[in-house]
Amino acid sequence: MKNNPSPTIARALTLALACAALASCATRVANPDDPLESYNRAMFTFNEKVDEAAIQPVAKAYDKVTPLPVRTGVGNFFGNVGDVWIGSNNLLQGKFVDGLSDLLRFAINSTVGILGFFDVASELALPKHDEDFGQTLGRWGVGEGAYFVVPFFGPRTVRDAAVLPIDLYGDDVWGIKDVPTRNSLTALRLVHARANLLGIDKTLEEGTLDKYAYARDFYLQQRRYRVFDGNPPLEEIDFNGARRQQDDADLLAETGAQ
């Protein structure tokens with residue numbers, strides 16, 4: 001007489017096999033926001049190598065030898081320079097109050113704030129904003145497209161990468177005609193920005209198994225947050241993960257009930 005497994009055991013085995021199959025499939029599912037992942041990972045690695053070899057060491061030296069008040073002044077100066085382009089994009093988005101506020105910030109900080117080294121405008125309740133032409137296009141309904149890592153410039157979306165030349169043209173530092181002055185200020189801004197990120201490096205290295213995926217997902221979430229001024233549509237910040245998990249749960253429930 002044969003010993004047939006009980007229905008409960010058979011169902012458990014079926015459910016376990018279904019879980020294993022779903023887990024195997026999940027590892028092969030591509031992120032829908034990142035159809036160019038192979039290229040992006042390669043470029044991400046390239047940018048990291050450039051950073052490790054050339055930018056990070058200079059940023060560490062800058063961080064070590066530059067007094068905090070000087071660093072604060074440098075950051076304020078470049079922030080003030082950017083207010084003109086930020087204000088222009090706020091006006092293009094129809095946010096006239098914010099746009100006029102940005103231009104007023106520039107006027108106050110450039111004069112009373114001594115070329116922007118002191119952020120007097122923030123003390124006068126004129127908040128700092130963050131806008132660019134990619135956000136302007138997003139405001140008017142232009143889709144972001146796929147995630148895209150730009151050589152040297154890092155994470156973008158296809159939309160934002162396409163208008164990067166426009167953002168550079170609208171940037172007052174890149175627009176300086178004198179080449180030595182422009183290059184010196186550009187290098188200083190790059191090193192200053194990189195120095196501000198030094199504390200994040202160790203966190204990324206120790207806190208995630210896939211640094212690329214973490215950086216991608218964080219960038220996309222933050223980018224959508226900014227484009228929609230802190231109120232992104234729910235479907236925009238759902239990387240299909242919740243929907244996929246629900247589909248998996250429904251399939252498992254159906255399999256277990258059979």
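In the predicted model, the largest nonpolar core comprises 10 residues: Ala59, Tyr62, Val74, Phe77, Phe78, Val81, Val173, Val191, Ala195 and Leu198. Helices H2, H3 and H9 each contribute at least two residues to this core, and H3 provides the largest share, with four. Val81 is in contact with Asp172 and Val173, residues up to four places away in sequence being left out of the count. Another core, of seven residues, lies apart from this one and includes Met43, Tyr147, Val149 and Tyr219. In soluble globular proteins, nonpolar side chains tend to be buried together.

Helix H2 (residues 37–65) packs against helix H9 (residues 179–195) at an angle of about 80°, and the two axes are 8 Å apart. H2 is therefore roughly perpendicular to H9, as angles of 65 to 115 degrees are classed in this way. On the H2 side the contact involves Asp51, Ile55, Gln56, Val58, Ala59, Tyr62 and Asp63; on the H9 side it involves Leu188, Leu190, Val191, His192, Arg194 and Ala195. By class, the residues of this contact are eight nonpolar, two polar and three charged. Ala59, Tyr62, Val191 and Ala195 belong to the largest nonpolar core and also take part in the contact between H2 and H9.

Within H4, the buried residues are Gly99, Ser101, Asp102, Arg105, Ile108 and Asn109. Their cover includes helix H3 (68–92) and helix H5 (120–123).

Key. Residues numbered from 1 in each chain as written. Predicted model: local features only at pLDDT ≥ 70, side-chain atom pairs only at ≥ 80, totals over all residues. Heavy atoms only, no water. Buried < 20%, exposed > 50% of the residue type's maximum accessible area, 1.4 Å probe, protein only. Contact = heavy atoms within 4.5 Å. Axes fitted to C-alpha atoms, helices over the stretch in contact; angles between N-to-C directions. Parallel < 35°, antiparallel > 145°, perpendicular 65-115°, else oblique. Nonpolar A, V, L, I, M, F, W, Y, C, P; charged D, E, K, R; others polar. Core = buried A, V, L, I, M, F, W, Y, C linked by side-chain atoms within 4.5 Å.
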